[in-house]
Structure formats: structure tokens, C-alpha cells
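Student: I have a new structure to read. Can you walk me through its features, one at a time?

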Amino acid sequence: LAANLSLTHKSYQLETNTIIMGRFINLILAAAPLTVSGFSVPNGEVVSRRESFAKAASVIGGTIAAGGLVMPSAASATVTDETPIVTTRQGGLLEKYQDSRGWKIMAPSGWNGFDGEVGAYDKKWQDLVDPFDNIKLSSTPVKSTTTSIDILGPVEEVGASLAGKRDAKLIAALERQTEGILFYTFDFALNDGTHQLLLLCVNKGKIWSLDASTREKRYSKRKELYYNVLGSFMPKLS
């Protein structure tokens, strides 16, 4: 993608898919050392979060637990911490969704749901009133030896690299462990007026990408809902 690519809503979504499911997958699968988005991971070498990034550096308001919303603080976010999965229905705004392909999530109630579009997403939810508000889940197979998202590097470095490639401001880069799976969560404000939350994880031989987008002017109304959705995702059923 050209560094100065103009991001329309449609091209922005395509860029999200291309960068996450393309560049990062190439990083994991490549047979030779690569430099991706400003950082490099030698072939076969897993970057240790314990050594390079012990705590999440960007935090949104510390630890917030009201209504089931969980966002770890920098002081408490360590590699051994276990953060409970979010289960709140948020007053009926969310409902349980379990997919036969082996994952579950608290999905927005009353939103249109769409099954997979090849090369774009596995599942998508879109607001009935404003289609710009949407949540997409994508997955791509990786090597069986790839077992954690930390192979990409420290969470803040990954977030900064993504932001730089997308003409965006990195608001926060968070990491948590839930049910033994490491999750990276990023908060971006794009210069085209889009606000996006992005979650990445690896499980069952796949890299999973879950993103929630809205207009910047609506983000304050969507923030809690989106964080709860991302916090509820689990790429397994048991």
C-alpha cells in the first residue's frame, strides 16, 4: 500500500484487512528475516514480551470495571495476569453469539449480521441506522508452531507501526491474557474521521483480527459497547 494512500471508508476497511491479514501473516510465515511496518522479527525467533515490554504503555482511563467493561491498567498488566472474559449484556445492547466454527462473542443486538466474504471477513455486524458503524472478524491460518500474537513484537511497537502505515494516531496499545490466550488491543484515530478498535490474537492455528469502527464524532457513544465486544471475544468454545 502506498504510504500516502487516501483513506475512504471502503478503502480503509480493505487496508485494515491487507495490513493485518497480509503483512503480519507474511511476517509469521516467511522463511527469511523480514522488516515489517518498521520492526523486524528474525526467522524462527519469538520476541519475548517479558524482556522487551513488561507492561502496557498506553492505558485508557486505568482499570475500568463498570458494567463488565474491563481495560487493564499499566500497573496491573503483566504477562501472568488473567483478565476475565467480558460477559455483560450491557442493558440488552449485547447478546451472546456462538459460531459453529469454534468461537464466541457478545454481539450487538439488532445489528445486521453477515456471514463471510472471501478475503474480507468471517463475520460482520453492521448498525441498521448507520452502516458506517460495523464490527468485523477475520481469521487466517498460520504455522502450527505459531502459538501467540507476541511473535509480532511488543504491543506498543506493533500499534505504532500500524498507526504509521494508516495515517492514524495510536490512542492506546493494550495487552491482556484471557483463558490462556494473549490478546493485543489497539485504539486508533484515523485522519479520515474514522475511529477504530482492533484486537489481534492467535489460537487454534489461526491469527484472529476483530475490528470495530465508527465515525470519530460517534466514538464516545460507541466506546463502551466496542470495548465490551472486543473483551468478550474468545476463539474457542470451551
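Student: What share of the chain counts as buried?

Tutor: This is a predicted model, so take every value as computed from it. Of the 238 residues, 52% count as buried. The chain has 4 helices and 11 strands. Among contacts with a separation of 6 or more, 55% join residues 24 or more positions apart.

Student: How many bridges join β7 to β11?

Tutor: There are 8 bridges between these antiparallel strands. Ser138, for one, has Ser209 in β11 as its bridge partner. On the other pairing, 4 bridges join β6 (residues 121–126) to β7, again antiparallel.

Student: Which residues stand opposite Asn134?

Tutor: Follow Asn134 across the sheet. Gln126 stands opposite Asn134 in β7. Asn134 also stands opposite Ser213 in β11.

Student: Why is β7 described as largely enclosed?

Tutor: Count its buried residues. In β7, 6 of the 8 residues are buried, so the strand is largely enclosed by the rest of the structure.

Student: What are the span and the bend of α4?

Tutor: Compare the span with the expected value. α4 has 14 residues and reaches 19 Å from its first C-alpha to its last, close to the 20 Å expected at 1.5 Å a residue. The helix bends by about 25° at Leu225.

Student: Is α4 mostly covered or exposed?

Tutor: Mostly covered: 10 of its 14 residues are buried. Among them are Tyr219, Arg222, Leu225, Tyr226 and Tyr227. Asn228, Val229, Leu230, Gly231 and Ser232 are buried as well.

Student: Which residues have the most contacts inside the largest nonpolar core?

Tutor: Look for the residues that link the core together. This core has 26 residues, and those with the most contacts inside it are Ile105, Ile135, Leu210 and Phe233. The elements giving two or more residues to it are β4 (103–108), β7 (134–141), β9 (181–190), β10 (194–203), β11 (206–215) and α4 (219–232). The largest share, 6 residues, comes from α4. Apart from this core lies another, of 19 residues, including Leu152, Ala163, Leu190 and Leu200.

Student: What is Ile105 in contact with, beyond its neighbours within four places in sequence?

Tutor: Its partners are Glu95, Lys96, Tyr97, Trp125, Leu210, Val229, Ser232 and Phe233.

Student: Which residues have a positive phi although they are not glycines?

Tutor: Start with the general idea. Most residues other than glycine have a negative phi. In this chain, one to look at is Glu179, with a positive phi of about 50°. Glu179 lies in the loop between β8 and β9. Another is Lys204, with a positive phi of about 55°. Lys204 is found in the loop between β10 and β11.

Student: Are Glu179 and Lys204 buried or partly exposed?

Tutor: Check the relative accessible area. Glu179 is partly exposed at 31%. Lys204 also counts as partly exposed, at 47% relative accessibility.

Key
Residues numbered from 1 in each chain as written. Predicted model: local features only at pLDDT ≥ 70, side-chain atom pairs only at ≥ 80, totals over all residues. Heavy atoms only, no water. Core = buried A, V, L, I, M, F, W, Y, C linked by side-chain atoms within 4.5 Å. Buried < 20%, exposed > 50% of the residue type's maximum accessible area, 1.4 Å probe, protein only. Contact = heavy atoms within 4.5 Å. Pairing = 2+ DSSP bridges. Expected span 1.5 Å × (residues − 1). Bend = angle between axes of the 7 residues up to and from the residue.
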